[in-house]
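Student: I'd like to learn how to read the inside of a protein model. Can we go through one together?
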Amino acid sequence: MKKQHTMKTLRAMKTLSPGPGTIPLLGAALLLCLACRPVWGQGSGHTFEKIQLSSTFYAEGAAIGDLNGDGHPDVVAGPYWYEGPDFDDKHAFYEPRMFDPRNYSDNFIAGVDDVNGDGRNDILVVGFPGESARWYENPGESGGYWDPHLIHESVDNESPQFYDLNGDGALELVFHTGGRLGYAARDEGDPTRPWSFTAVSGRHDWGKFTHGLGIGDIDGDGHEDILKKEGWWENPGTDEMSDQWKYHEAAFAGPGGAQMYAYDVDGNGLNDVITSLDAHGWGLAWYRQHREGDEIRFEQRLIMGALLGDNPYGVRFSQPHALELADMDQDGVKDIVSGKRFWAHGPQGGLEPNAPAVVYWFNLQRGSPGSAGFVPYLVDDNSGVGVQFDTGDVTGNGYPDIVTSNKNGTFVFLNHPPEH
(Lines give C-alpha, C1' and ligand atoms only; values in the text may rest on other atoms or scores of the structure.)
Protein backbone atom coordinates (compact mmCIF):
# COMPACT_ATOMS: atom_id res chain seq x y z
CA MET A 1 0.00 0.00 0.00
CA LYS A 2 1.31 3.42 -0.88
CA LYS A 3 1.86 5.70 2.08
CA GLN A 4 -0.39 8.71 2.43
CA HIS A 5 1.23 11.98 3.48
CA THR A 6 -0.66 14.90 4.94
CA MET A 7 0.58 18.11 6.60
CA LYS A 8 -1.37 19.79 9.39
CA THR A 9 -0.25 23.23 10.55
CA LEU A 10 -0.82 23.86 14.23
CA ARG A 11 -0.23 27.60 14.40
CA ALA A 12 -3.01 29.19 16.42
CA MET A 13 -5.02 32.19 15.22
CA LYS A 14 -4.34 34.18 18.36
CA THR A 15 -1.69 34.10 21.08
CA LEU A 16 -3.35 33.43 24.41
CA SER A 17 -2.30 32.66 27.95
CA PRO A 18 -3.46 29.32 29.41
CA GLY A 19 -5.25 30.83 32.39
CA PRO A 20 -7.71 28.37 33.90
CA GLY A 21 -11.41 29.07 33.54
CA THR A 22 -11.12 31.55 30.68
CA ILE A 23 -12.54 31.20 27.19
CA PRO A 24 -10.31 32.88 24.60
CA LEU A 25 -11.39 36.00 22.77
CA LEU A 26 -13.75 35.02 19.92
CA GLY A 27 -13.98 31.53 21.45
CA ALA A 28 -17.46 31.96 22.91
CA ALA A 29 -18.83 32.90 19.51
CA LEU A 30 -17.21 29.91 17.84
CA LEU A 31 -17.84 27.08 20.29
CA LEU A 32 -19.75 24.99 17.78
CA CYS A 33 -16.93 25.35 15.31
CA LEU A 34 -14.35 24.59 17.98
CA ALA A 35 -16.11 21.33 18.76
CA CYS A 36 -15.18 20.19 15.25
CA ARG A 37 -11.70 21.64 14.89
CA PRO A 38 -10.44 23.32 18.04
CA VAL A 39 -6.91 24.61 17.58
CA TRP A 40 -6.88 27.67 19.84
CA GLY A 41 -3.93 28.37 22.05
CA GLN A 42 -0.54 29.97 22.09
CA GLY A 43 1.06 29.35 18.70
CA SER A 44 3.52 26.46 18.81
CA GLY A 45 4.76 26.62 15.22
CA HIS A 46 5.09 22.83 15.16
CA THR A 47 3.73 20.88 12.20
CA PHE A 48 3.08 17.16 12.00
CA GLU A 49 3.59 15.11 8.86
CA LYS A 50 1.09 12.27 8.74
CA ILE A 51 2.26 8.95 7.28
CA GLN A 52 -0.32 6.19 7.05
CA LEU A 53 1.44 2.84 7.13
CA SER A 54 -1.73 0.75 6.87
CA SER A 55 -5.49 1.18 6.60
CA THR A 56 -6.14 -2.32 7.99
CA PHE A 57 -7.15 -2.99 11.59
CA TYR A 58 -4.45 -5.19 13.09
CA ALA A 59 -3.95 -3.84 16.60
CA GLU A 60 -4.72 -1.13 19.15
CA GLY A 61 -1.16 -0.64 20.33
CA ALA A 62 2.16 0.38 18.76
CA ALA A 63 5.80 0.73 19.72
CA ILE A 64 9.09 2.26 18.57
CA GLY A 65 12.50 0.57 18.66
CA ASP A 66 15.50 -0.41 16.53
CA LEU A 67 14.80 -3.98 15.46
CA ASN A 68 17.39 -4.51 12.72
CA GLY A 69 20.32 -2.84 14.47
CA ASP A 70 20.90 -0.18 11.83
CA GLY A 71 20.66 2.70 14.30
CA HIS A 72 17.29 3.90 13.01
CA PRO A 73 14.15 3.43 15.13
CA ASP A 74 11.55 1.16 13.57
CA VAL A 75 7.80 0.97 14.17
CA VAL A 76 5.85 -2.04 15.47
CA ALA A 77 2.10 -2.36 15.00
CA GLY A 78 0.14 -5.60 14.87
CA PRO A 79 1.96 -8.41 13.04
CA TYR A 80 4.35 -6.05 11.24
CA TRP A 81 7.44 -4.04 11.93
CA TYR A 82 8.28 -1.20 9.57
CA GLU A 83 11.88 -0.22 8.80
CA GLY A 84 12.86 3.30 9.73
CA PRO A 85 13.59 5.95 8.79
CA ASP A 86 11.24 5.92 5.76
CA PHE A 87 9.04 2.91 6.74
CA ASP A 88 8.71 1.74 3.13
CA ASP A 89 9.66 -1.87 3.97
CA LYS A 90 7.55 -3.93 6.35
CA HIS A 91 8.11 -7.41 7.76
CA ALA A 92 5.64 -9.80 9.38
CA PHE A 93 6.93 -11.32 12.63
CA TYR A 94 3.86 -13.51 13.10
CA GLU A 95 1.13 -14.62 10.73
CA PRO A 96 -0.95 -11.54 9.86
CA ARG A 97 -4.62 -11.55 10.69
CA MET A 98 -7.00 -8.76 9.75
CA PHE A 99 -9.79 -7.82 12.15
CA ASP A 100 -13.25 -6.39 11.63
CA PRO A 101 -13.16 -2.81 13.03
CA ARG A 102 -16.65 -3.36 14.43
CA ASN A 103 -15.10 -5.88 16.83
CA TYR A 104 -11.72 -6.31 18.54
CA SER A 105 -8.19 -7.47 17.80
CA ASP A 106 -5.91 -9.83 19.73
CA ASN A 107 -3.16 -7.23 20.05
CA PHE A 108 -3.73 -4.38 22.54
CA ILE A 109 -0.29 -3.37 23.87
CA ALA A 110 3.16 -3.43 22.22
CA GLY A 111 6.69 -2.96 23.49
CA VAL A 112 10.31 -3.37 22.39
CA ASP A 113 13.13 -4.77 24.57
CA ASP A 114 16.07 -7.16 24.32
CA VAL A 115 14.51 -9.88 26.46
CA ASN A 116 17.15 -12.60 26.09
CA GLY A 117 20.20 -10.31 26.07
CA ASP A 118 21.50 -11.37 22.66
CA GLY A 119 21.95 -7.79 21.47
CA ARG A 120 18.82 -7.80 19.29
CA ASN A 121 15.61 -6.10 20.33
CA ASP A 122 12.57 -8.35 20.61
CA ILE A 123 8.86 -7.47 20.41
CA LEU A 124 6.46 -7.76 23.36
CA VAL A 125 2.69 -8.00 22.90
CA VAL A 126 -0.26 -8.07 25.29
CA GLY A 127 -3.38 -9.55 23.71
CA PHE A 128 -7.05 -9.03 24.47
CA PRO A 129 -7.74 -8.19 28.16
CA GLY A 130 -7.74 -11.34 30.27
CA GLU A 131 -5.71 -13.27 27.73
CA SER A 132 -1.97 -13.88 27.39
CA ALA A 133 1.08 -11.70 26.85
CA ARG A 134 3.98 -12.95 24.76
CA TRP A 135 7.36 -11.86 23.51
CA TYR A 136 8.66 -12.63 20.05
CA GLU A 137 12.32 -13.52 19.69
CA ASN A 138 14.22 -11.54 17.06
CA PRO A 139 15.88 -14.07 14.69
CA GLY A 140 18.25 -11.52 13.17
CA GLU A 141 19.14 -11.83 9.50
CA SER A 142 17.53 -15.25 9.13
CA GLY A 143 14.12 -13.54 9.07
CA GLY A 144 10.79 -15.34 8.93
CA TYR A 145 8.22 -15.46 11.70
CA TRP A 146 9.67 -14.88 15.15
CA ASP A 147 9.43 -17.55 17.86
CA PRO A 148 6.81 -16.61 20.50
CA HIS A 149 7.39 -17.11 24.23
CA LEU A 150 4.78 -16.83 26.96
CA ILE A 151 5.10 -13.92 29.40
CA HIS A 152 1.92 -14.57 31.39
CA GLU A 153 -1.20 -16.54 30.56
CA SER A 154 -3.77 -14.04 31.89
CA VAL A 155 -3.17 -10.28 31.87
CA ASP A 156 -6.03 -8.21 33.26
CA ASN A 157 -6.54 -4.43 33.02
CA GLU A 158 -6.89 -2.44 29.79
CA SER A 159 -3.71 -0.43 30.41
CA PRO A 160 -1.03 -2.91 31.48
CA GLN A 161 2.44 -1.47 31.02
CA PHE A 162 5.90 -2.69 30.12
CA TYR A 163 8.09 -0.73 32.52
CA ASP A 164 11.43 -1.08 34.32
CA LEU A 165 9.84 -1.16 37.75
CA ASN A 166 12.87 -2.26 39.78
CA GLY A 167 15.52 -0.27 37.93
CA ASP A 168 17.49 -3.27 36.67
CA GLY A 169 17.45 -2.11 33.04
CA ALA A 170 14.92 -4.74 31.93
CA LEU A 171 11.23 -4.24 31.38
CA GLU A 172 8.71 -5.88 33.67
CA LEU A 173 4.99 -6.18 32.89
CA VAL A 174 2.80 -4.35 35.43
CA PHE A 175 -0.84 -5.49 35.59
CA HIS A 176 -3.32 -7.31 37.76
CA THR A 177 -4.47 -10.89 37.47
CA GLY A 178 -6.93 -12.86 39.57
CA GLY A 179 -7.80 -9.62 41.37
CA ARG A 180 -4.24 -9.00 42.61
CA LEU A 181 -2.03 -6.14 41.44
CA GLY A 182 1.61 -6.85 40.70
CA TYR A 183 4.26 -7.38 38.08
CA ALA A 184 5.82 -10.18 36.05
CA ALA A 185 9.61 -10.40 35.65
CA ARG A 186 11.65 -12.58 33.33
CA ASP A 187 13.74 -15.53 34.46
CA GLU A 188 17.31 -14.32 33.92
CA GLY A 189 18.53 -17.92 33.84
CA ASP A 190 16.10 -18.86 31.07
CA PRO A 191 14.20 -15.89 29.56
CA THR A 192 12.15 -18.26 27.39
CA ARG A 193 10.29 -19.47 30.47
CA PRO A 194 7.04 -17.75 31.52
CA TRP A 195 7.73 -14.69 33.65
CA SER A 196 7.08 -15.00 37.37
CA PHE A 197 4.31 -12.85 38.85
CA THR A 198 4.81 -10.98 42.14
CA ALA A 199 1.64 -9.66 43.80
CA VAL A 200 1.91 -6.35 45.64
CA SER A 201 -1.71 -6.12 46.79
CA GLY A 202 -4.38 -8.26 48.35
CA ARG A 203 -7.28 -9.55 46.32
CA HIS A 204 -9.79 -7.04 44.92
CA ASP A 205 -12.83 -7.26 42.68
CA TRP A 206 -10.94 -6.02 39.62
CA GLY A 207 -11.95 -7.66 36.36
CA LYS A 208 -10.12 -8.06 33.10
CA PHE A 209 -11.70 -4.90 31.68
CA THR A 210 -10.69 -2.63 34.59
CA HIS A 211 -9.42 0.74 33.33
CA GLY A 212 -6.49 2.84 34.45
CA LEU A 213 -2.97 1.92 35.59
CA GLY A 214 0.30 3.75 36.04
CA ILE A 215 3.76 3.79 37.58
CA GLY A 216 5.69 6.61 39.23
CA ASP A 217 7.36 7.84 42.41
CA ILE A 218 4.57 9.49 44.41
CA ASP A 219 6.31 9.99 47.76
CA GLY A 220 9.72 11.00 46.40
CA ASP A 221 11.69 8.16 47.99
CA GLY A 222 13.29 7.11 44.71
CA HIS A 223 11.17 3.98 44.30
CA GLU A 224 8.48 3.53 41.66
CA ASP A 225 4.97 3.16 43.03
CA ILE A 226 1.94 1.72 41.22
CA LEU A 227 -1.17 3.82 40.60
CA LYS A 228 -4.76 2.93 39.93
CA LYS A 229 -7.90 5.03 39.83
CA GLU A 230 -8.65 4.41 43.52
CA GLY A 231 -5.21 5.15 44.91
CA TRP A 232 -1.55 4.12 44.93
CA TRP A 233 0.58 1.30 46.30
CA GLU A 234 3.83 2.35 47.95
CA ASN A 235 6.94 0.53 46.77
CA PRO A 236 8.83 -0.62 49.90
CA GLY A 237 12.14 -0.54 48.04
CA THR A 238 13.25 -3.97 49.20
CA ASP A 239 15.63 -5.95 47.02
CA GLU A 240 13.05 -8.59 46.25
CA MET A 241 10.02 -6.28 46.19
CA SER A 242 7.89 -9.23 47.27
CA ASP A 243 6.19 -7.60 50.25
CA GLN A 244 2.58 -6.53 50.07
CA TRP A 245 2.86 -2.84 49.35
CA LYS A 246 1.16 -0.24 51.54
CA TYR A 247 -2.01 1.10 49.97
CA HIS A 248 -2.95 4.80 50.02
CA GLU A 249 -6.46 5.75 49.03
CA ALA A 250 -6.79 8.64 46.57
CA ALA A 251 -9.73 9.01 44.18
CA PHE A 252 -7.91 9.81 40.93
CA ALA A 253 -10.75 9.08 38.51
CA GLY A 254 -14.30 7.86 38.19
CA PRO A 255 -14.77 4.83 35.94
CA GLY A 256 -11.05 4.88 35.17
CA GLY A 257 -9.11 5.99 32.15
CA ALA A 258 -5.92 4.96 30.46
CA GLN A 259 -2.22 5.08 31.32
CA MET A 260 -1.49 7.13 34.48
CA TYR A 261 1.65 9.13 35.22
CA ALA A 262 3.38 10.63 38.24
CA TYR A 263 4.98 13.89 37.14
CA ASP A 264 5.76 17.26 38.73
CA VAL A 265 3.33 19.35 36.68
CA ASP A 266 3.66 22.66 38.52
CA GLY A 267 7.39 22.47 39.27
CA ASN A 268 7.12 22.55 43.07
CA GLY A 269 9.23 19.43 43.57
CA LEU A 270 6.31 17.07 44.28
CA ASN A 271 5.06 14.56 41.75
CA ASP A 272 1.45 15.06 40.74
CA VAL A 273 -0.75 12.52 38.94
CA ILE A 274 -1.94 12.80 35.33
CA THR A 275 -4.81 10.63 34.11
CA SER A 276 -7.82 10.50 31.86
CA LEU A 277 -11.00 10.15 33.92
CA ASP A 278 -13.13 7.84 31.81
CA ALA A 279 -11.70 5.86 28.90
CA HIS A 280 -15.16 5.60 27.35
CA GLY A 281 -16.50 8.95 28.47
CA TRP A 282 -15.03 12.37 29.14
CA GLY A 283 -12.25 13.91 31.07
CA LEU A 284 -8.54 14.59 31.37
CA ALA A 285 -7.04 15.93 34.60
CA TRP A 286 -3.97 16.38 36.75
CA TYR A 287 -4.05 15.96 40.50
CA ARG A 288 -1.86 18.42 42.36
CA GLN A 289 -0.02 16.86 45.29
CA HIS A 290 -0.16 18.55 48.69
CA ARG A 291 1.95 17.61 51.72
CA GLU A 292 0.99 18.17 55.33
CA GLY A 293 3.67 16.46 57.38
CA ASP A 294 3.64 12.84 56.31
CA GLU A 295 0.16 13.13 54.83
CA ILE A 296 -0.15 13.20 51.03
CA ARG A 297 -3.35 14.38 49.45
CA PHE A 298 -4.37 15.38 45.95
CA GLU A 299 -6.47 18.16 44.43
CA GLN A 300 -8.04 17.69 41.00
CA ARG A 301 -7.24 20.23 38.29
CA LEU A 302 -9.41 19.58 35.26
CA ILE A 303 -7.74 19.91 31.86
CA MET A 304 -10.66 18.84 29.69
CA GLY A 305 -14.19 17.71 30.52
CA ALA A 306 -17.57 16.98 28.98
CA LEU A 307 -18.33 20.65 28.31
CA LEU A 308 -16.50 22.97 25.95
CA GLY A 309 -16.25 25.47 28.79
CA ASP A 310 -14.35 22.94 30.92
CA ASN A 311 -11.27 23.68 28.84
CA PRO A 312 -10.10 27.30 28.49
CA TYR A 313 -9.63 26.79 24.75
CA GLY A 314 -12.96 25.09 24.10
CA VAL A 315 -11.40 21.69 23.38
CA ARG A 316 -13.10 18.42 24.20
CA PHE A 317 -13.18 14.89 22.86
CA SER A 318 -14.55 11.69 24.29
CA GLN A 319 -13.00 8.26 24.86
CA PRO A 320 -9.39 9.24 25.77
CA HIS A 321 -8.33 5.60 26.05
CA ALA A 322 -4.57 6.12 25.64
CA LEU A 323 -2.15 8.65 27.11
CA GLU A 324 1.55 9.45 26.75
CA LEU A 325 3.92 12.00 28.32
CA ALA A 326 6.61 13.48 26.09
CA ASP A 327 8.43 16.79 25.76
CA MET A 328 7.00 17.57 22.34
CA ASP A 329 8.58 21.03 21.98
CA GLN A 330 11.82 20.28 23.88
CA ASP A 331 11.33 23.09 26.39
CA GLY A 332 12.37 20.91 29.33
CA VAL A 333 8.93 19.89 30.61
CA LYS A 334 6.76 17.00 29.49
CA ASP A 335 3.51 17.47 27.62
CA ILE A 336 0.45 15.23 27.36
CA VAL A 337 -0.42 13.40 24.15
CA SER A 338 -3.83 11.77 23.84
CA GLY A 339 -6.74 11.31 21.50
CA LYS A 340 -10.04 9.65 20.84
CA ARG A 341 -10.13 5.88 20.62
CA PHE A 342 -11.85 5.25 17.31
CA TRP A 343 -14.84 2.89 17.46
CA ALA A 344 -13.92 1.71 20.94
CA HIS A 345 -17.20 -0.23 21.10
CA GLY A 346 -17.93 -0.32 17.40
CA PRO A 347 -19.70 2.16 15.09
CA GLN A 348 -22.79 2.47 17.32
CA GLY A 349 -21.46 1.88 20.85
CA GLY A 350 -20.14 4.34 23.38
CA LEU A 351 -20.04 8.12 23.18
CA GLU A 352 -19.77 9.78 19.79
CA PRO A 353 -18.36 6.75 17.96
CA ASN A 354 -18.28 8.62 14.66
CA ALA A 355 -16.99 11.97 15.89
CA PRO A 356 -13.60 13.01 14.46
CA ALA A 357 -10.90 10.59 15.59
CA VAL A 358 -8.54 13.23 16.91
CA VAL A 359 -5.00 13.22 18.25
CA TYR A 360 -3.89 16.17 20.42
CA TRP A 361 -0.86 17.29 22.33
CA PHE A 362 -1.35 19.45 25.40
CA ASN A 363 1.59 21.79 25.91
CA LEU A 364 2.47 22.19 29.60
CA GLN A 365 3.05 25.81 30.55
CA ARG A 366 4.02 26.56 34.13
CA GLY A 367 2.90 29.82 35.68
CA SER A 368 3.37 31.23 39.14
CA PRO A 369 4.52 28.78 41.83
CA GLY A 370 1.95 26.03 42.21
CA SER A 371 0.12 26.78 38.97
CA ALA A 372 0.24 25.29 35.51
CA GLY A 373 -1.88 25.05 32.39
CA PHE A 374 -2.04 22.90 29.28
CA VAL A 375 -2.49 24.46 25.84
CA PRO A 376 -4.05 22.00 23.33
CA TYR A 377 -2.87 21.59 19.76
CA LEU A 378 -4.54 19.42 17.16
CA VAL A 379 -2.21 16.90 15.52
CA ASP A 380 -4.81 15.12 13.38
CA ASP A 381 -8.58 14.62 13.14
CA ASN A 382 -8.82 11.42 11.10
CA SER A 383 -6.86 8.68 12.87
CA GLY A 384 -7.24 8.60 16.66
CA VAL A 385 -5.67 6.32 19.23
CA GLY A 386 -6.20 2.75 20.38
CA VAL A 387 -5.52 1.63 23.95
CA GLN A 388 -1.77 2.33 23.82
CA PHE A 389 0.60 4.20 21.53
CA ASP A 390 4.20 5.38 21.57
CA THR A 391 6.24 8.54 21.21
CA GLY A 392 9.89 8.77 20.25
CA ASP A 393 12.28 10.48 17.89
CA VAL A 394 12.18 8.43 14.68
CA THR A 395 13.71 11.12 12.44
CA GLY A 396 16.74 12.11 14.52
CA ASN A 397 15.77 15.77 14.73
CA GLY A 398 15.55 15.65 18.53
CA TYR A 399 11.76 15.97 18.75
CA PRO A 400 9.36 13.15 19.73
CA ASP A 401 7.15 11.76 17.00
CA ILE A 402 3.88 9.87 17.53
CA VAL A 403 2.96 6.34 16.41
CA THR A 404 -0.61 5.05 16.74
CA SER A 405 -2.49 1.93 15.65
CA ASN A 406 -6.23 1.36 15.87
CA LYS A 407 -9.32 0.49 13.87
CA ASN A 408 -8.47 3.25 11.38
CA GLY A 409 -5.07 1.72 10.64
CA THR A 410 -1.47 2.53 11.58
CA PHE A 411 -0.04 6.04 11.55
CA VAL A 412 3.21 7.91 12.13
CA PHE A 413 3.14 11.64 12.89
CA LEU A 414 6.52 13.28 12.31
CA ASN A 415 7.10 16.26 14.57
CA HIS A 416 8.63 19.19 12.67
CA PRO A 417 9.67 22.10 14.92
CA PRO A 418 9.26 25.70 13.81
CA GLU A 419 11.96 27.07 11.57
CA HIS A 420 14.25 29.59 13.21
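Student: Which residues does Ile402 touch, not counting residues up to four places away in sequence?

Tutor: Contact means heavy atoms within 4.5 Å. By that rule, Ile402 touches Phe48, Met328, Val337, Val379, Phe389, Asp390, Thr391, Phe411, Val412 and Phe413. Keep in mind that this is a predicted model, where local features need pLDDT of at least 70 and side-chain atom pairs count only at pLDDT 80 or more, while totals for chains, interfaces and linings use all residues. Residues are numbered from 1 along each chain as its sequence is written, and side-chain values use heavy atoms, leaving out hydrogens and water.

Student: How many residues does the largest nonpolar core have?

Tutor: In soluble globular proteins, nonpolar side chains tend to be buried together. A nonpolar core is a set of buried (under 20% relative accessible area, 1.4 Å probe, protein chains only) Ala, Val, Leu, Ile, Met, Phe, Trp, Tyr and Cys residues joined through side-chain atoms within 4.5 Å. Here the largest one has 38 residues, and Ile402 is among those with the most contacts inside it, along with Val265, Ile274, Ile336, Phe362 and Phe374.

Student: Which strand gives the most to this core?

Tutor: Strands are DSSP runs (E, at least two residues), numbered from the N terminus. S26 gives the most, with six residues. There's also a second, separate core of 17 residues, including Trp135 and Phe175.

Student: In what sense do S16 and S17 pair?

Tutor: Two strands pair if DSSP finds at least two bridges between them. S16 (residues 225-228) and S17 (residues 231-234) are antiparallel, with three bridges, and a hairpin of two residues joins them. Lys228 stands opposite Gly231.

Methods:
Buried < 20%, exposed > 50% of the residue type's maximum accessible area, 1.4 Å probe, protein only. Helix = DSSP H or I, 4+ residues; strand = E, 2+ residues; numbered from the N terminus.
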